[in-house]
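Open your viewer and get ready to click along. Each stop says what to select and what is there.

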Amino acid sequence: MELLSVIPIQFLHGLVYGMLLFLVASGLTLIFGMMGVLNFAHGALYMLGAYFSYSILRWTGQFWLSMIVAPVLVGAMGILIERFLLRKVHRFGHAHELLLTFGLAYIIEELVKWIWGNQPLHVEIPAMLSGSIQFLDITYPTYRLFILLISVAVFTVLFLILYKTRAGIIVTAAVTRSEMVNALGINVPLVFMLLFGVGGALAGLAGVIGGPYLITNPGMAATIIIDLFVVIVVGGMGSLQGALLASFLIGELQSFGILLVPQMAVALEFLLMAVVLIVKPEGLLGDKA
Amino acid sequence: MKRTIFGGIVGMMGICLLLGTVVWSADTVNFGVCEIRSGAFKDNGDRTIWGIEAAVNEANSKGGLLGKKIELVIEDNQGKGEIGVQKAKKLVMQDNCVVVIQGSSSGVGGAIGQAMPRLKRIYLDTNAEAMDITGKNFNPYVFRTCLNAGMHVKALAHYFGKKTQYRKVFLINQDYSWGYDVAKYYEAAIKQFAPNTQVVGKEFHQVFNKDFAPYVSKITASGADYVISGNWGTDLTQLVVQSRKLGMKIPIGATFLDDDGVMNIAREAAEGCIQANMYILGIDSDKARAFEDTFHKYSGGKWPSFVIMEAYIGTKMFIEAVRKAGSFDTDKIIKAFEGMTWDGPIGPITMRPEDHQAQMPAVIAEYASKTKYYDFPYLKPIMTIPASEISVSLEESGWKPYKE
């Protein structure tokens, strides 16, 4: 009986973690799907978002400001990475790009430790978000609901831009028919660069929000990166809806896994990935390419 | 001609260097530190080394050890047992260290410990608490100066066992040997102190678990009236913070809440938590104050908390053992260390001769909104438990005599 009563709240827990995961994964899947670059440094960019936000908060005390400035800074880093590093190795193929971003992830992690130290950091969130909301006999942290809200907003905006605007059409077309788009007078390298910036900014935003929730610490990139790759594979490379669905599934699998089969909880997402790879190798909502 | 002059200069420099080294090594003695110096757990290594350094600075400023200045030779074990063993070998054979100190990891500590009979030097375990190190895998070259898992949780069981309102416990721990030790020995200890206690839940989660909310809801649903957790680092912070935010108010009994890094984040959420260890800052006695102030002086303004304190005490005890032995000879130090009693900040610490596990009292602490040590909430001591109450017998520790 008691088990039944925790089901709704356990669902909510899984939903919140899943949505944060989606926030980080959205940028990764966009970049991967459209540029074919598996950005290993994406988790590190997410971590940078959290640390930038910490510093901005320390200087200004403005959480809302950090929610804007930190993603912009991380996005700018994304642009620099694309323009000055990735573009240079692009012609050598994906293996080089992968190795480059892999190395970058390490460098960023060491830089973070060097600048901010090894200790986890205390991030003060606004009073209106730090409390708990009471409904019926359930106490739920306001901040977790805030994560939910932000993720839904990001998904909606991204979805509208990609599928309902001219910019979105150019982006999607630049991926599959880059020469044709180029011939139409659109600067494809510029599109890729901006896309990398947007992807970075999304990771940065996820970091700002994820920091106070999962604790801003130098290990936060490493702990989320595996989940990220599972999301990309399960959802389908480059599919925004796929990333949303996969994030949701992984969040719920972890949450209910802990409730029902705790010994197996960690393994469940990989089980899901294995099943997807066997049954539908292109991912749940991926294109057959 | 030029070449001969050059050769001559190089040769002379070589001789000077050689002589220099000989003179230098006659005046100093090397202590080896095989700690984690890279990766995600580097912070643990940093703190252990702060404690060791303070003890060494203190000894050196008071005339050194047996007339020699102590030098630390620090190596990175990278958190891996096999690398730890390699580095321990290097510290003994190349640097001629009289001791190898490691505390951050029970895994690495166990591996180094088992390599020492071949190297015939002492491994000093200042803060790794896995039972096997002085239990199943005991050998005469290993000495542990901190609590072991069994003693550590026995202190918590003593506290909760004496309070009759706490009879339903939920055990939540990390999914590796340390977490299993905590759960196993807590169950055994609570049977001794409060046999009518019911274990309403027992969970093991991955180290660096991301979201604790699902566990918190499970604990709440279990009807537990208190929680015991051997978690450390972000796993402890997350457990404490998320449980309070989700409205769970029952006490959490912890073994590593004295980590100021954890308290800096947990802050008010730690209200109602209970912490046990061999010492806690703020004991109201002249001896404890002297202990803290001495550390503060020789550490460059730090406080002896958490593993910093354990590494400090351990290194001081080893130095004392060498003084008692009057020699750097391993066998003589072992003889002097066995059964030695050191005057600790809250009472004597005695090295049990059979298994080389130090026997000592423990302190229980609770949340304090303000202390003189940190600019965020920390802990304050509420009671001490005598050594005899938390002692774990040789048999309970799974101790086996050493066979060569």
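Select B:V33 and B:I101: B:V33 stands opposite B:I101 in strand β3 of chain B. This is a predicted model, in which local features need pLDDT of at least 70, side-chain atom pairs count only at pLDDT 80 or more, and totals for chains, interfaces and linings use all residues. Residues are numbered from 1 along each chain as its sequence is written, while chains are lettered from A and ligands numbered from 1 in the order in which they are written.

Now show strand β1 (residues 28-35) of chain B. β1(B) pairs with β3(B) in the parallel sense over 2 bridges. Strands pair if DSSP finds at least two bridges between them. Helices (H or I, at least four residues) and strands (E, at least two) are DSSP runs, numbered from the N terminus.

Next, select strand β4 (residues 122-125) of chain B. β4(B) runs parallel to β3(B), and 4 bridges join them. One to click: B:Q102, whose bridge partner in β4(B) is B:D125. Follow the chain from β3(B) to β4(B): the path goes through helix α4 (residues 106-119) of chain B, and this β-α-β crossover is right-handed. That term means that, with the strands pointing away from the viewer, the path from the first strand over the helix to the second runs clockwise.

Return to β3(B), residues 99-102. Buried means 20 or more other C-beta atoms within 10 Å of the residue's own, with C-beta atoms placed from the backbone.

Zoom out. Chain B has 13 helices and 15 strands. Of its 404 residues, 54% count as buried.

Technical notes
A residue is buried if 20 or more other C-beta atoms lie within 10 Å of its own, exposed if 12 or fewer, and partly exposed in between; C-beta atoms are placed from the backbone.
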